[in-house]
Amino acid sequence: MNKKFFRSILLIIAVVLTLFGVWGFLYTLIYGLKGWGLTNRTIWGVEIVNFVFWIGNSHAGTLISAILYLLRQDWRNSIHRIAETITIISIMIAATFPFIHLGRPWFFYWLLPLPNQTTVWPIFKSPLVWDVAAVLSYAILSFLFWFIGILPDYKYIKINTTSKLGKSVRSFFSIFWTGSNFNWDEFKWTYHLLAGILTFVVISVHSIVSFDFSVTILPLWHSTMLPIFFVIGAIYSGLALVLLCSSVLNLVSSLGEKITSEARTNLAKLLITFSFILMYFYLIEFFFSYYNLNPQEKFIFNLRFQKEYLWMFVFVIFATFLFPQLLWFTKFRNNNSLQILVSTSILIGMWFERYLLIVPVLSADLITKETFFYSPTIIDLSLTFGSIGFFTLCFYFIGKLIPLVPKFET
Amino acid sequence: MNRRDFAKWITTTILAGTSCKRPEITIENKVKPSHSPNFENIFSYKTCFPYFPFPLPIIIETYEGIPFRIKNNFNSDDIKINIPPFAFASNYILFDKHRLKKPTIERKETNLPEALNILLNKIKIAKEKDKKIAIIATRQNSIYFDKLCDEIENSAPFFEIIQLPIFDYYKSNLEANKEIFNDDIFLQPNIAGKKMIFNFGQDFLHNDPFNPLLIQQFDKRNQILITFENIISLTGLNSTFRFSLSESDILRIALDFLAIIFESKFNFNPTIYLNNLFLGNLSNKLPEEVLNLIKFYKNDIVFLCNPYSPPQLHMITTLLNYLCNEDLSKDLNFKYWISDLHWYTRSYEKLKSLLINPSDYCLIIFLDYNPYFSLNKELIEFVEKTDTTKLVNLSLYNNELSDKASIFIPLQTYFEFWADREFPDGTIFFQQKIIEPINKNSISNLNFLFILRNELLKKNTKGKYFNELNDLYLSFSSKFNLKDAINNRFKIRESTPEKPLFANVKLNLPKLMEQIKLTDNFTPETSKILIYPSQSSYSGEYSKNVYLFENPEPIFGNRWSALYPITNSTNDGNFEFNSDFLVYQNTDYLKRFFSISLPNLIAKEVDFSYNYTINRNPLKQLNQVFTTTKQNHFTSDTKLFSQLNQVEQNIQRQLYQNTYINKDLQWAMIIDLDRCIGCNHCILACQIENNIPVVGMEYAQKIRTMNWIEIIRVKLNNSKLIFLPILCQHCDNAPCESVCPVGATSHSADGINEMTYNQCIGSRICMANCPYKVRKFNFENPEKVHLNYIPEMMNPFVTIRSRGVTEKCTFCIQRVNLENTKAKLFGNEDNVVVKTACQEACPVNAIKFGRKKSLLVNENQDDLFVLLPEFNTLPNVFYKMSKNEQKIF
């Protein structure tokens, strides 16, 4: 009863946020970018922050299912499908942001490496083209990985088999899976192979996303540190999201009971590790900016100590480093509600960390050393919150359809 | 689903994907898609802009009969006059919907003949009643206009035609000259070639009627300009020394000068004498360095005076000029701009009689004159009192006056009728009729007087006044040919009429001193509003032009409506904008320049005794201080130039050579910062030339203006300002090109960074990667965002960009291509001369454009620098500043 109440509250909030987001999405598609808070100076804003944030969130799925699988960490068994589902939904959401972010989104296919009969050649030296390739391949591989992982469990997929659609879906699955020894044999090596490929892709995709920034010549972005910084940040926020989802599932659904507490505790331990790695990068960024003699880089870096960004910077340090230190204590680490609190604070902190990385650089004028203040509008906020609502809804419906905790492994 | 179905699905998806739309060269603009611009449908007309003190020679280019571009006619012999912004944006009033109104009688719309009939009937009734009729007209500088006026006054004595200047900047000067020369003349010193200029508050670089003339004579590099002013002005910011003083202090300083000159010339120290005249001491002492400069340049000094300042200051200025120039009496005409103002005094006598006995007059016709705009206090009070049935208004727009008047008839713009304009030296410029009147219910002021005269003389000439105009000039010279007169300079007078010289005048100094003494206005400033008309919109006819509003205000970089604090008059002049002066720029019809001096910033405590012309209380807008479109372009960063002279090193440091660029054909631009005065003319010229949308106030507040050029004001250590225009730098290693995912921006063989609008998908990574931040993004389709969007008026050589596309400076590629094509046709490819729009508009010739190879050879390499050399972008826009200046930083 209590769980159902929580669930329905969550769902109502998710639906409201999704509708809010759909309004913003449609407004953007119809009227263009005029409703956004962008100016002719700060030309990338919250949407790019969201893109980086959601791509980052998708990383934990692959980390847990692929890398931990290869490392034979069996505690992953109860959460790996949750993580993969998060990956799929996150990529889906992340990919919409660059799409609507285009000035003329109806020409998005000019970015794709299609045959050149349209006389449009994607310029392969542009990081945006790499981006498309990286995100697309990551999406496809993650989907395959998720899909293949479900195959042994397909009988548990809740589909109305009396309808025509349900029947065809079932028949579609049954092409691939009969449960024979041959099937299991093929499943094992395919899964293994994909896990191996994905391990590389998970590192490459966020590196390539970071190339959007690091191949530019702007100070602070133009840095070799950025790719690994991005990957670490991505895995960190992704782990937080997995912990958040599994903890919330524990709170609102009977399914959560099947998730082992060992898995959640281990996730919490991983969070502590990554919070220190991230802190190291904050420090090294600080060091780089002050050690080198580039006045422009120092100027841009110092922007985060300016009035409008200072609270953000302090919050980021608190939310992503100081607060998660509570997880050192076993009592807190095993506490469900504290897990939710810490992982939420990490996620919000990581969002603002991306904001700090992207917006101040663009809002600064390198010649006059003045900053043009950028503030998101209601449409920017609708897209941001709408993405959260949409994520929750998708997660709920996928959870309804497929067993989120694998049956065959537990 | 089986494997065959899967294969089908894959195939159809791929086919659908590949048959998508390709980027086509679509004509986004609606400018006559059936025709493309070529040499056959582009015509140039020589004509003149009816600016009041003197006509401005201009060239108007039309495309299929509609003017789209206005240029300076530099070829008009030796008269070098700069075209102010309102003149080269003036074609946008042609299709203005506010202008295309019908005549109204008692606020009911009618057509033109009916309105004229009713007006003529009223005149007949007046004649029968033995009442007088006054026509208050703007001074036209037209011989034919004067002739018509004379004929009307002679034939009908009950008519009084009062010609008034648009702004009354003659008054003080005239009063002063009456005392000195005993004659009705106006004197404006010529500053060309003078080493040193002392300026008592004349803002000749911005808000001054003589701006078009003086701005050309001013040489920022070689002239020492010292300004004393009580408001902050562009001239002040461009001065070598600027002193911020109150009005009374300026007068004291001027007297101080007089004392110094007396001392050096006549060995006579009048300080005690002056101190006796003025109770108290001269409070502000001149700095030593200024005194030394005066001694050094002795005979090369000129003094200027704000036309709106009291006559006493004009008197002192004239005396100072006389005493500092020994040979002034010999060539007064050369050193002074002299205007004969007999018409002015005559008109004011008539105006006085009108104001004293208003009951004698039964009809007052305002012909193109709006006292509300011209700030004629007496006339405004008169209009407020007068019975509305007596008032008739003929003006370009529906204004405050026409709301009051019983009859309103719209007038025509200067494109729509023939006229002659006399330059004060006797040269005649003809104003051509370029297009048929767009408003069929409008009338030109010459035609109106023509009809009126015919009616009064009972002439039955149904012909046009143009024939009469032609005949008038045939009477001056039998060989008169209108075509030649338009193309060449046409003179009706061989020399200017004799004017009084200093030699003929015996200066009675003690008497003049007594005159100067009679000043009780010069108490320290209390709460009052000083009102100066702004020259940025000239007169009412151009105050609705959105281009002029969008153009940043030169001093603070404000756009649209803005209220901003201005320096305290008693400050040291270091441009601190936080004290008790405010400047308010009004956006509505009464756009003008206020200088409000307040005891403090609390609006409620202000007494508006002087606030007779302000419809809205300007201080209600105080809250808008925070919502103004102000972009703080001031920067005090001195490291900006710390890495100068790295141009050469950078070229050596370059990792790879851009092999596509043909070094012989490469274009480059040099901007001379020693010359640039920050007038923002280039911004407006660029906007008009390249069809850049006017985005309006809302977007301007969001920093979404589309100007391709922006001017940054850099404050140097010695508290001097330099103005730094920033446009696309056309880098050899362009950072925008390498990141564009669809190749929409690319490099041409002659080194221009090109933009293919049709290929752009609006990812804006080019904008992010540009360190100069010169790229602009179209947030909206032009017809939606472009205020005053008239497709016919757009430059046909430049496409209009659609929503979601990035744009930037193209080095006026349409002009480059045109000249290249011409050169190819005539086999003159080595000497292609291209003038960009900004270069043409620059009044001080600060911009040079040409082939990089030949352009850089003529310059001293040490004086050149590029912006942000540390990014190794190798820009092709070079900034020039003399080495001595650079060392100051």
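Over all chains, a search of the whole structure turns up 32 salt bridges (a side-chain nitrogen of Lys or Arg within 4 Å of a carboxyl oxygen of Asp or Glu). Welcome to a predicted model, in which local features need pLDDT of at least 70, side-chain atom pairs count only at pLDDT 80 or more, and totals for chains, interfaces and linings use all residues. Residues are numbered from 1 along each chain as its sequence is written, chains are lettered from A and ligands numbered from 1 in the order in which they are written, and side-chain values use heavy atoms, with hydrogens and water left out.

**Salt bridges in chain A**

- D153(A) pairs with R81(A) in a salt bridge whose closest N and O atoms are 3.0 Å apart.
- This pair links distant parts of the chain, 72 residues apart: D153(A) sits in the loop between α5 (127-150) and α6 (164-176) of chain A, and R81(A) in helix α4 (residues 80-101) of chain A. Helices (H or I, at least four residues) and strands (E, at least two) are DSSP runs, numbered from the N terminus.
- Both D153(A) and R81(A) are buried (buried means under 20% relative accessible area, exposed over 50%, partly exposed in between, with a 1.4 Å probe and protein chains only).

- D672(B) forms a salt bridge with R221(B), with 2.2 Å between the closest N and O atoms.
- D672(B) belongs to strand β25 (residues 667-672) of chain B and R221(B) to the loop between α6 (211-217) and β10 (224-229) of chain B, so the pair ties together parts 451 residues apart in sequence.
- D672(B) is buried at 5% relative accessibility, while R221(B) is partly exposed at 35%.
- R675(B) also forms a salt bridge with D672(B), the closest N and O atoms being 3.4 Å apart, and R675(B) is partly exposed at 28% relative accessibility.
- Through shared partners, salt bridges join R221(B), D672(B), D674(B), R675(B), K848(B), E859(B) and K880(B) into one network.

- F5(A), F6(A), I9(A), I13(A) and L251(A) make a nonpolar surface patch of about 430 Å². Patches consist of residues with over 30% relative accessible area and no salt bridge, with like charges joined within 9 Å and nonpolar side chains (Val, Leu, Ile, Met, Phe, Trp, Tyr) within 5 Å. Accessible areas come from the Shrake-Rupley method with a 1.4 Å probe, and for residues only the protein chains shown count as cover.
- Helix α1 (residues 2-31) of chain A gives the most to this patch, with four residues.
- F5(A) lies in helix α1 of chain A and, at 48% relative accessibility, is partly exposed.
- Helix α7 (residues 181-214) of chain A and helix α8 (residues 226-252) of chain A have axes that come within 8 Å and cross at roughly 125 degrees.
- That angle makes α7(A) oblique to α8(A) (under 35 degrees is roughly parallel, over 145 roughly antiparallel, 65 to 115 roughly perpendicular, and the rest oblique).

**Positive phi angles in chain B**

- F811(B), not a glycine, has a positive phi of about 55 degrees; F811(B) is in the loop between β31 (806-807) and α28 (813-826) of chain B and is buried at 1% relative accessibility.
- L868(B), a residue other than glycine, has a positive phi near 45 degrees; L868(B) is in the loop between β33 (864-865) and β34 (877-880) of chain B and is buried, with a relative accessible area of 5%.

Key
Axes are lines fitted to C-alpha atoms, for helices over the stretch in contact, and angles run from 0 to 180 degrees between N-to-C directions.
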